[in-house]
Amino acid sequence: MIPIPLVVLVMGGWCAIYLADTLLKASDSMKTSYEEWLTSYGLSISPFHIRWQTPVFNRLFYDWGRWKPRLLYQWFNLGMVFGIIAMFSSILLLGKTLIQTLSQMLTEAPSAQNDRMLQVVVPGVNLPVSQLTYFFTAILISGVIHEIGHGVAAIREQVRFNGFGIFIFIVYPGAFVDLFTTHLQLISPVQQLRIFCAGVWHNFVLGVLSLIALFMLPAILFPLYYTGVGALILDITEDSPANGPRGLFVGDLVTQLQDCSVHRVEDWNSCLGVISQEPQIGYCLNSVTLHQLSFPARVYKRLDGTVECCSNNSLTDICFSYNNNVNTHLYACLPARKTIETNQVCRSNADCQNDLLSSFCVIPSLENQTRLIRVKHQPQIDMLFVGHPLHLQYTVSLSSFIPRFNFLSNDLPVVIETFFKYPFKRIPS
C-alpha cells in the first residue's frame, strides 16, 4: 500500500499550492503582477492540476514536420493503418476484459488477477511503491513521444502548431500540444486520421525500441558487465528466511538450486517454480553412513499427514524417509548438512546403485508445501533452505549482470533493465 506520510505530503502540497494561488489572485496588490507572471511563463493552476505551455519548441517541431515530406507521408500512413488496427483490437481486448471481470464477479472462486489481458495499474495496490519512479518517468516519456507524434503530423498536414506543454494531475505527469482547431477542422478526414493516429503509433515504436534495447542489453553492457555465469544477489529483505550467518549475502553469486543450474535470474525463477511443483528430491547415502548418522527418534504424523521423526527443537536435523530392499518404508533423523553435502541427488534407490556398498535414496520428510533446497552461492558454503520456495523467490533480489570492475554498481543494470520494461508495458492513450 501507499505509505500514509506520502499521501499526506501530496495532498498537503496541493492544498498549499491551491491556497497560495487563490490568495495571490484575490490580493488587490499582487493579482495583476501574479497573473502576468503566470502568463509570461505559460503556467496555469487549478485544483490538483498544474499546466505549463511554451512556444520555445515551435521551431524544432516545424523543422521535424518539414523534414523529408515524402518519407513522413509514408511514416504517418503506416501510423494510420496501425491506429485503425489498434483501435479495433482495443475494443476486442476491452470486451474480453469486461467479460472476464463479470464472470469473476458472478463466480464464488474468481480466477487470478494475472489472467486478465488488461489491468489497471494502481500505485501502491498492484504496483510496488519502489517502482513509482520508473512508472511516472515512463508515463512522462511516453506522453512526450505521443504528443511529438501529434505535433509533427499536424505540421506535416499544414495545421498551425501553437505550442507544446507538460502538466501534472495529482501525481501523474503528462504532455500535450496546442493545435489551431480551425485548421484541424478544415483538412480532410484522412489527414485528421493521420494526426490522431500519430501519437499511438509513436508510442508503439517507442515500445518496440525499448524491447529491442532490453534484449540487446547484455551486448550493450558487455564491456562493463558479463552474464551467463549465475545470478548476483542485490538485496535480501529483513524478514527473509534466507537471512542469517549460514544464509545468503549481498554480492554472492548463485549458481545452483538443488540439481538445477542457475545462469541468470530467469533460471533462478524457473528452478524455484520446478522445485515447488515437483516432489522433494533426495540424496544418495550408503548404508554404513546412514547408520552412523542416524539416531533413535519417535515417529509421529503431522496434522497434514506427513511424518516427523526429529525433535521440534532441532535446527540442524531433518527427518528423512527411505525404502529398504524389501520395500519397507523407514524414517531416520539425520544431520541435514552432513547428509546432503558431497552426496548426489536422487529420486529413488535406482539412482544410487553402488557396487561396493548398498545405498539408499533418503528423501526429506517435510510438510506438503515445504522443500529442502540446497543453494550454491559463491564464495560462501552452500545454504540449506527449508520452507516454501516462493518465500525464497520473493524476498531475494538478483541480477544477471556481474560487474567486471569493482567500482561498478551492482544495481545499475537492473535500473536500466527496469526502465526499458515500462515503456512497452504501458498502453498509450
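Analyst: Welcome! A disulfide is a pair of cysteine sulfur atoms within 2.5 Å. This is a predicted model in which local features need pLDDT of at least 70 and side-chain atom pairs count only at pLDDT 80 or more, while totals for chains, interfaces and linings use all residues. Residues are numbered from 1 along each chain as its sequence is written, and side-chain values use heavy atoms, with hydrogens and water left out.

User: How many disulfides does the structure hold, and what is the pairing of the bonded cysteines?

Analyst: In general, a disulfide is a covalent bond between the sulfur atoms of two cysteines. Here there are five disulfides. With the bonded cysteines of the chain numbered in sequence order, the pairing reads 1-2, 3-9, 4-6, 5-7, 8-10.

User: Which hand does the disulfide of C260 and C271 have?

Analyst: The torsion about their S-S bond is about -65 degrees, so this disulfide is left-handed. It links distant parts of the chain, 11 residues apart: C260 lies in strand β8 (residues 260-261) and C271 in helix α8 (residues 265-277). Helices (H or I, at least four residues) and strands (E, at least two) are DSSP runs, numbered from the N terminus.

User: Is C271 buried or exposed?

Analyst: Buried means under 20% relative accessible area, exposed over 50%, and partly exposed in between (1.4 Å probe, protein chains only). C271 has a relative accessible area of 1%, so C271 is buried, whereas C260 is partly exposed at 24%.

User: What is the torsion about the S-S bond of C309 and C319?

Analyst: The torsion is about 115 degrees, so that disulfide is right-handed. Both C309 and C319 are buried.
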